[in-house]
Amino acid sequence: MVDIGYKLASEEHGPLDLVCSARQAEDAGFSFAMVSDHYHPWTTRQGESPFVWGVIGGISQVTADLELVTGVTCPTMRIHPGIIAQAAATAAAMMPGRFVLGLGSGENLNEHIFGDRWPPAPVRIEMLEEAVEVIRALWTGSMQTYYGSFYTLENAQVFSLPEILPPIAIASEGPISASLAARVGDGFINGGTNAEESLVVFKKSGGDDKPAYVEISVCWAESEEVGERTAYEEWPIAANTGELNRLLPTPAHYEQLAKMATLEDVVEGMPCGPDPEPYIKKIEDRVRMGFDHICIHQIGEQQKEFMDFAAAEILPHFR
């Protein structure tokens, strides 16, 4: 069994467009959507970055069955985990049984904006683990006073709680966070880097019976050439490797980095154009790895066109 989802890329689309796309994704037959939580887009060309918790409220009112996952929220620096606990509880109350809180250790691009030092990855993961502890404590509904290594609560209580608390899925692209996801999370999210290696660690660490989400980027267009060109212009970060997407502080830095990437670097292994076969093969490849939730990110403006294509050519293959 595999669930096919749709990526609501808030770096590329404004709040009303994201709400509209969520409704269209449900109508097209996607079983879930994953919405990114950024303060900045990766590049100024992408051009958007709405406040995701406002967008989620809108999505809750125009969908009935679509599961929604934050993909992903960083609860460590820009927003205190106590606020995330309240925000996610509200979202889950507005979308009973169909909201998943996806958490990750974040990117410097979004998290340094108030002058906080950007710590190394092992410290960020420690912060994430403590943030999950804070969130779960507040979700008990009782008054909390907490003095941790990174976070403090004094007389904090979340009153508006859903009848069913949302699952927490942890994002990972490496072994330390994959192990954390198995240990403290209810699921696993991979953005497309080191997918198989991280999933193996997650499953071996105790996550074998938990859902595993992975994102794939594609670019449907009327021709393969147009799709590749759109992907290269709109989503050059697909060519970045290693820790780069975690470290650079501004969209301008990503634009400078993009000048060193070729079109071939960006679209390597990325389905582009009107032929459904590469899309189906890409999804099947991720299913073989062991992922049971595949989230498709359509790059560019042709969101509805891709949904129509997927509804006719891709989703029936996996039903």
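Mentor: A word to start with: a residue is called buried when its relative accessible area is under 20%, exposed when over 50%, and partly exposed in between, using a 1.4 Å probe and protein chains only. Keep in mind that this is a predicted model, where local features need pLDDT of at least 70, side-chain atom pairs count only at pLDDT 80 or more, and totals for chains, interfaces and linings use all residues. Residues are numbered from 1 along each chain as its sequence is written, and side-chain values use heavy atoms, with hydrogens and water left out.

Trainee: Okay, is E215 buried or exposed?
Mentor: With a relative accessible area of 12%, E215 is buried. You'll find E215 in strand β9, residues 212-218. Strands (E, at least two residues) and helices (H or I, at least four) are DSSP runs, numbered from the N terminus.

Trainee: Which side chain does the side chain of E215 make a polar contact with?
Mentor: A polar contact is a pair of N or O atoms within 3.5 Å; within protein, one must be able to donate a hydrogen and the other to accept it, and residues adjacent in sequence count only if both atoms are side-chain atoms. Here the partner is the side chain of K7, at 2.8 Å.

Trainee: And what does R124 touch, leaving out residues up to four places away in sequence?
Mentor: Contact means heavy atoms within 4.5 Å. By that rule R124 touches S105, W118, P119, E243 and R246. Its side chain also reaches the backbone oxygen of P119 at 2.9 Å. R124 sits in helix α5, residues 121-138, and is buried, at 4% relative accessible area.

Trainee: How many residues does the largest nonpolar core have?
Mentor: The general idea is that in soluble globular proteins, nonpolar side chains tend to be buried together. A nonpolar core is a set of buried Ala, Val, Leu, Ile, Met, Phe, Trp, Tyr and Cys residues joined through side-chain atoms within 4.5 Å. The largest one here has 75 residues, and F30, W53, L101 and F306 have the most contacts inside it. Helix α5 gives the most to this core, with 8 residues.

Trainee: Which residues does the second, separate core include?
Mentor: That core has 16 residues, including L109, A231, W235 and Y254.
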